[in-house]
Amino acid sequence: MSWNFQEIQETIEKEASQVANLKDLETFRIKYLGRKGLVQEIFASLSSLPHMERPLVGKSVNTLRSNITTIVEDKKKAIRDRCAGIAAPLEELDVTIPGVTMGVGHQHVLTQTIDAICSIFEGLGFVVQEGPEIETEFNNFTALNIPVDHPSRDSFDTFYIDSPDPQRKGRYQLMRSHTSPAQIRVMQNNAPPLAVVVPGRVYRPDSVDASHSFMFHQIEGLLVDVDIRFSDLKGLLTVFCQRFFGKKIKMRFRPHFFPFTEPSAEVDISCYICGGNGWVAPSSSVLSSMNTSLTGEPQGCSVCRRKGWLEIMGCGMVHPRVFTAAGYPKGKYVGLAFGLGVERIAMLKYGINDIRIFFENDVRFLEQF
Ligand code: PHE
């Protein structure tokens with residue numbers, strides 16, 4: 001086949017002059033430069049030409065290709081320039097393409113839990129306060145009636161740093177191991193009657209596993225006045241549990257020991273995954289897949305480990321030595337205090353079986369709340 005390059009060039013120029021937008025320009029480009037376009041067709045025909053003609057045709061088709069490429073580039077630039085002045089570059093904006101939605105974030109489930117707990121206490125007259133995560137040894141231990149040789153320091157010892165102030169050398173600071181030191185700060189700065197809740201992070205020398213983390217969140221509660229009784233503590237915490245977990249929840253106070261409260265108790269609630277009986281019927285709970293065998297047989301509740309009760313906080317009446325350490329006059333005030341673990345409560349409320357998942361930033365987990 002012989003090619004009339006002169007004629008081809010003219011046709012191309014004529015066609016190019018009629019191209020008005022980028023879409024037509026692309027059709028034009030494909031027609032001539034595409035894989036099945038004219039230029040390729042001419043290249044393919046070279047092998048069937050007499051040997052003598054091949055170099056000449058080859059040269060002409062190369063010239064043709066570069067001419068078309070130039071035409072396409074020039075045309076593209078001209079169309080773009082023309083559209084640049086227009087508010088919406090019509091040639092490039094296809095309004096029918098579905099938009100890219102920006103993911104809207106929301107509060108972490110722990111923040112939501114802290115807010116929900118604090119707002120219940122705010123409704124009962126408590127004020128939300130904060131304390132620092134780096135605490136003095138005095139506030140974290142000594143003022144809370146935990147002397148240097150007290151065994152409970154072992155499970156509470158975190159990183160210590162000497163005071164950066166040369167005047168205060170030997171006055172150690174550490175990452176607080178509970179929110180209770182905030183009690184001291186609140187009392188040092190306020191006179192009773194007072195009622196505060198203090199949410200925040202705490203640190204422990206614990207190895208990480210499904211139920212332990214070296215960092216977690218607590219909410220401390222402190223109420224000080226002249227005539228507070230243990231029955232007030234029970235009443236207050238019962239109201240809280242019923243508002244947070246629902247009216248059906250049962251509670252029990254187990255005698256316990258904390259150096260900074262006397263008497264002290266741990267509070268358990270009836271396991272509301274299994275209803276307190278220790279067994280989970282097939283598909284009766286959000287945790288059914290975790291708690292029931294594949295055959296659908298009832299399984300022992302893995303959340304309370306068949307005990308029917310779940311420990312949710314420590315509490316008690318403020319120890320007189322704590323008042324003294326905070327600078328209150330002897331024998332004038334009484335108070336109640338409690339401390340609850342936020343992760344623990346969120347795990348119970350939402351049926352989460354591994355504490356680590358709160359801190360892994362896995363969106364598939366986080367977006368469920
Ligand atoms: N600080 C205690 C703990 O971390 C909890 C607690 C707070 C107990 C207040 C009694 C009163 O285990």
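At what angle do helix 3 and helix 4 pack? The views below show a predicted model, in which local features need pLDDT of at least 70 and side-chain atom pairs count only at pLDDT 80 or more, while totals for chains, interfaces and linings use all residues. Residues are numbered from 1 along each chain as its sequence is written, and side-chain values use heavy atoms, with hydrogens and water left out.

**View 1. The packing of helix 3 on helix 4.**
Helix 3 (residues 38-45) and helix 4 (residues 54-84) pack at an angle of about 170°, and their axes are 10 Å apart. Helices (H or I, at least four residues) and strands (E, at least two) are DSSP runs, numbered from the N terminus. Axes are lines fitted to C-alpha atoms, for helices over the stretch in contact, and angles run from 0 to 180 degrees between N-to-C directions. Helix 3 and helix 4 are therefore roughly antiparallel to each other. Angles over 145 degrees count as roughly antiparallel, those under 35 as roughly parallel, those from 65 to 115 as roughly perpendicular and the rest as oblique. Helix 3 contributes Val-39, Ile-42 and Phe-43 to the contact, and helix 4 contributes Val-57, Val-61, Asn-62, Leu-64, Arg-65 and Ile-68. Contact means heavy atoms within 4.5 Å. By class, seven residues of this contact are nonpolar, one is polar and one is charged. Here Ala, Val, Leu, Ile, Met, Phe, Trp, Tyr, Cys and Pro count as nonpolar, Asp, Glu, Lys and Arg as charged, and the others, Gly among them, as polar.

Seven strands form an open sheet with mixed pairing, in the order 1-5-6-12-11-8-7. Strand 1 (127-128) and strand 7 (251-258) stand at the edges with a single partner strand each, so one side of each is left without a neighbour in the sheet. Two strands pair if DSSP finds at least two bridges between them. Strand 8 (residues 261-270) runs antiparallel to strand 11, to which eight bridges join it; in this pair, Thr-261 stands opposite Val-318 of strand 11. Helix 5 (residues 109-123) packs on the sheet and touches strand 1, strand 5 (194-203), strand 6 and strand 12; the direction of helix 5 makes about 5° with that of strand 6.

**View 2. Strand 12 and its neighbours.**
Seven of the eight residues of strand 12 (residues 334-341) are buried, so this strand is largely enclosed by the rest of the structure. Buried means under 20% relative accessible area, exposed over 50%, and partly exposed in between (1.4 Å probe, protein chains only). Strand 6 (residues 215-225) is joined to strand 12 by eight bridges, and the two run antiparallel; Gln-218 has Gly-341 of strand 12 as its bridge partner. Strand 11 (residues 309-318) also pairs with strand 12 in the antiparallel sense, over five bridges, and Gly-314 stands opposite Gly-339 in strand 12. Helix 11 (residues 342-350) lies across strand 6, strand 8, strand 11 and strand 12, and runs at about 60° to strand 12.

An open sheet with antiparallel pairing is formed by three strands in the order 2-4-3. Strand 2 (134-136) and strand 3 (160-161) stand at the edges, each with a single partner strand, so one side of each has no neighbour in the sheet. Three bridges pair strand 2 with strand 4 (residues 173-175) in the antiparallel sense, and the bridge partner of Glu-135 in strand 4 is Leu-174.

**View 3. Helix 7 and its cover.**
The buried residues of helix 7 (residues 181-189) include Pro-181, Ala-182, Gln-183, Ile-184, Val-186 and Met-187. Among the elements covering the buried residues of helix 7 are strand 2, helix 6 (137-140), strand 5, strand 6, helix 10 (320-326) and strand 12.

**View 4. Backbone details.**
Pro-192 and Pro-193 are joined by a cis peptide bond, with omega about 0°; Pro-193 lies in the loop between helix 7 and strand 5. Another cis peptide bond joins Glu-262 and Pro-263, with omega about -5°, and Pro-263 belongs to strand 8. Asn-145, although not a glycine, has a positive phi of about 65°. Asn-145 lies in the loop between helix 6 and strand 3 and is buried, with a relative accessible area of 13%. Arg-305, also a residue other than glycine, has a positive phi near 55°. Arg-305 is found in the loop between strand 10 (299-300) and strand 11 and is exposed, with a relative accessible area of 67%.
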